[in-house]
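I opened this entry to look up confidence and strand pairing. My notes follow in the order I took them.

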Amino acid sequence: MLLSTILEAVSFVPGLVSIGAAIAIIGAGLGIGKIGQSAMEAMARQPEAAGKIQTGMIIAAALVEGATFFALAVCLLAVLG
Amino acid sequence: MSHVLKYIIFSLVFACMALLPFQGMAQDTVQEPQKEKFDAKSFIFSHTGDAYCYHITEIKGRPICVWLPVMVKCKDGGSWHCFSSKHVCELKEGETFEHNGAHFYVEPISADKYPGKLVEVKADGSLSRPFDISFTRNAFGIFLVCIFLLAFFLPAARMYKKDTLAKPTKYQGLVEWLTYTVLDGIVRPNIPEKKVKKFAPYLLTVFFFILFANLFGLIPFFPFSANVTGNLSITLVLALLTYIFVNVFGNKHYWKDIFWPDVPIFLKAIPLMPIIELISTIIKPFALMVRLFANILAGHIVILVLMGLIFIIGGMYGTGMGGVTSVISIFMTVFMFAMELLVAYIQAYVFTILSAVFIGLAQQEPEHE
């Protein structure tokens with residue numbers, strides 16, 4: 001009987017999915033923030049290398065965002081699939 | 001007129017416009033019309049998914065669409081059917097369209113089994129999904145991008161071929177600038193100089209295809225509004241092409257590094273490192289596919305949700321509140337469109353540069369001791 005009560009209570013999957021998506025976005029925000037921070041500091045130290053640093057920053061940010069979208073895709077699958 | 005005065009007048013006019021809908025709301029509470037609820041989910045999925053016809057608008061209840069052809073082959077029967085999607089898209093609930101003995105209809109977006117797809121109703125009432133190679137909205141979008149790319153780049157190539165040393169025209173200058181930003185910025189830094197000529201055509205094509213497919217998906221009117229790159233199937237094919245280019249043209253050294261790398265024996269005797277390396281060759285194009293798909297689809301969904309918010313709030317609280325929401329919603333949507341332009345360029349850039357890096361890694365010569 002306890003099991004059935006627990007199983008009934010876990011029917012809030014859509015709500016949990018939103019929390020999961022929010023946690024994934026926190027990870028993305030922190031990661032891309034750190035990338036931006038080090039890129040700004042490096043560009044301030046050596047303005048001649050600003051072009052290369054900017055390129056690297058964009059690539060690193062896109063990779064981190066790709067991982068975030070993996071998590072978001074899993075969340076969407078949990079809700080819709 | 002002084003700057004401050006202009007600022008004050010502008011703010012007053014804007015405040016009046018934003019508050020006008022409240023007057024509409026006061027009149028709206030008198031009548032309570034029975035209108036159908038705005039279905040947000042089907043609104044979003046019908047705009048971001050594939051469709052058999054190009055729905056443009058509705059005039060006086062009659063939909064104005066561009067009817068694309070449906071081409072299907074029925075299972076266990078093998079007969080081909082080709083007809084205009086006008087017949088299946090304008091059916092009422094429960095009707096089917098009969099063509100040479102087979103009955104078809106299109107499942108609505110909210111259906112469980114085949115949402116939005118053409119199904120065949122067999123003689124015993126069961127549903128089956130035929131082999132479907134219809135020319136849908138996404139196929140139309142892909143062909144449009146291809147025709148645009150050919151029309152944009154080929155004349156420049158012909159002009160160069162005709163007279164290589166002539167003074168380039170402005171159009172040739174533009175094509176040259178676009179090509180060299182990709183060639184010198186993406187291809188040359190990552191691929192050894194001897195192989196650039198072999199791989200540059202693919203990388204250039206994939207960059208411009210993804211860029212223009214993303215941009216065309218943002219333009220909201222007739223020939224351009226197909227959501228091409230926001231579909232898993234299309235990004236799957238692009239990632240598959242990168243996988244083929246990396247692995248089919250890979251060096252012998254590249255394959256040796258996967259199956260028998262320069263690591264201590266206990267890591268490669270139980271095939272631990274080789275299996276990890278093999279999985280990583282698949283994961284890298286897989287990540288390319290999901291990154292492009294999710295970025296573009298997420299952007300489209302946010303724009304659709306912001307615009308749909310007007311109708312959702314209008315449905316819940318009356319037309320007046322919907323009017324107030326529309327002022328805020330339009331501002332946010334304009335901002336999202338600007339960000340989507342940036343995302344379109346960045347995603348094309350990242351896909352191409354990662355493909356170039358993977359191809360370059362597979363072409364490395366071993367260092368000489």
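I began with confidence in chain B: its pLDDT averages 85, and 94% of its residues score at least 70. The model is predicted, and I noted its ipTM of 0.74 and pTM of 0.85.

**Four-stranded sheet**

I next looked up the strand order in the open sheet of 4 strands in chain B. Reading across, the order is β5-β6-β7-β8, and the pairing is antiparallel. I then asked why one side of β5 and of β8 is left without a neighbour in the sheet. Both β5 (97–99) and β8 (127–128) of chain B are edge strands with a single partner strand each, so each has one side without a neighbour there.

I followed β5(B) to its partner. Strand β6 of chain B covers residues 102–106, runs antiparallel to β5(B), and is joined to β5(B) by 3 bridges. For one residue pair, I recorded B:His99 opposite B:Ala102, the latter in β6(B).

**Three-stranded sheet**

I turned to the open sheet of 3 strands, also in chain B. I read its order as β4-β3-β9, with antiparallel pairing. The edges are taken by β4 (80–84) and β9 (131–132) of chain B; each has a single partner strand, so one side of each lacks a neighbour in the sheet.

How many bridges join β3 to β4(B)? I found 5, with β3 of chain B spanning residues 69–73 and the two strands running antiparallel. I also looked up B:Pro69, and its bridge partner in β4(B) is B:Ser84.

Terms used:
Residues are numbered from 1 along each chain as its sequence is written. Chains are lettered from A and ligands numbered from 1 in the order in which they are written. This is a predicted model: local features need pLDDT of at least 70, side-chain atom pairs count only at pLDDT 80 or more; totals for chains, interfaces and linings use all residues. Two strands pair if DSSP finds at least two bridges between them. pLDDT is the predictor's confidence in each residue, from 0 to 100.
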